[in-house]
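Hello,

Here is the structure I promised to pass on to you. Have a look at it first, and then read my notes below.

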Amino acid sequence: MVASAAGRVPDAAAPMRYVSTRGEARPLGFGDALLTGLARDGGLYVPASWPSLGRLERLAAHSYAETAVEVMWPYVAGAIDRAAFEAIVAEAYAAFRHPAVVPLVQLDADEWLLELFHGPTLAFKDVALQLVGRLFDHELARRGERLTIVGATSGDTGSAAIEAVRDRDAVEIFMLHPAGRVSEVQRRQMTTVLSPNVHNLAVEGTFDDCQDLVKAMFADEALRDRLRLSAVNSINWARVMAQVVYYVTAALALGAPSRSVSFAVPTGNFGNVLAGWIAVRTGLPVEQLVVGSNRNDILTRYLATGSMDVATVHPTISPSMDIQVSSNFERLLFELNEHDGAATAAQIRQFRATGHLVTSPEQTAEVRRLFTGARLDDDATRAVIADTYRAAGVLLDPHSAVGLGAARAARPAPWVDGEARPPMVVLATAHPAKFPDAVEQATGVRPALPPHLADLFEREERCVTLPNDLAAVTAYVAGRAAVAR
């Protein structure tokens, strides 16, 4: 499916189909892929074909919501009425505190921050999940159904997902987070939501353990069907789809398509930077995608060596990136394997069994054509926070600082053949007040929470702590899910 001459996919276009990266689950339409989340064969859903962004010039004067509709329409056309989709998108982004939704802030002549933290929970996850929650509501109301969301979070997905579905009649959410491995603000944003359809579970383990528990629950088909399980992690295609939009709006603001742009992305689970790859795959001119890692640097080690090797997860001051199993890499691997689901499934099985995955020299070279990476430890991260505050008066959270530090470490010379390199856009993924201790250590300034969260530390918390044990977690969810009663 491609865009029309006017750059817009007509309403009568054939609906997009979604296929599993492991090749055995049946293809689905958008509504089923949205509600299913993880494919029955354990794979992740991706579009069967990639649409074109069309003529980018037509979007130059659009609002963020208008651009979002145009970018995402090829993925949902035929599954939802155009007017209904436009209304859902407009409502989702009306919840953001900045009129631009995701404003650009200039740091230097060719260096920009893309602030993705103006949503209700102060993190980039809001950009997708404010939309996804409303899409769930729309699709479930159309079907007269309800479902149970089970998710894992390294900090920000949990609060954004909870905020998106709290108090909704057709959805119940169980969110797993690693006990003691998220910031206090991140934890309280989840555990102080006392809505009856919200359940918080602190798991005695790492984020990777939480993610494995969720995937194991989805693999139990009887449980999955009985509880009507669905996902809001970036394993859900709709999450990644919505993130493509801000790459397009940032590039347009800086001169695309007449010039290309580079992006630096702090990432652990690979979903955010994968959205950038999709933007490129569908026609956005991008010179470079920089992957920023903290001490848990499996992605940057892969980019350097072509070998992905699981190591110990170390706690850092950028806890949302304390990950060693980057689930969304499977979507890129599927592309590298030219949509060979059997080959992708075999590689993932080997990776999970041995902690080791190698791509061919040709595949590694293909990845390196666009992606590069850099690693920052906690001291280097604090140094970036301090330097940025001194030079520009801008407070960065630790994750955004990793992105900025990686951009500067990985970027080639600013000039090539007498011409300036494209501008670098660093994705600022969280408000500094979500990580006040780290920011204060680096700058001496303690960032304040916005007014709507000013009393966060005084609110009642509700959470249960469980062992890293599938039977215990499953029993808890099954015993409390409304769908099972």
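Let's start with a question: is E139 buried or exposed? E139 is buried, with a relative accessible area of 4% (buried means under 20% relative accessible area, exposed over 50%, and partly exposed in between, with a 1.4 Å probe and protein chains only).

Two notes on reading the model. It is a predicted model, where local features need pLDDT of at least 70 and side-chain atom pairs count only at pLDDT 80 or more, while totals for chains, interfaces and linings use all residues. Residues are numbered from 1 along each chain as its sequence is written, and side-chain values use heavy atoms, leaving out hydrogens and water.

The structure holds 31 salt bridges (a side-chain nitrogen of Lys or Arg within 4 Å of a carboxyl oxygen of Asp or Glu). In one of them, E139 pairs with R143, with the closest N and O atoms 2.7 Å apart. Both residues lie in helix 4, four residues apart, about one turn of the helix (helices are DSSP runs of H or I with at least four residues, strands are runs of E with at least two, and both are numbered from the N terminus). R143 is partly exposed, at 27% relative accessibility.

Another salt bridge joins R168 and D137, with 2.4 Å between the closest N and O atoms. R168 sits in the loop between helix 5 and strand 6 and D137 in helix 4, so this pair ties together parts that are 31 residues apart in sequence.

Finally, look at helix 5 (residues 156-165), where nine of the ten residues are buried.

Enjoy exploring!
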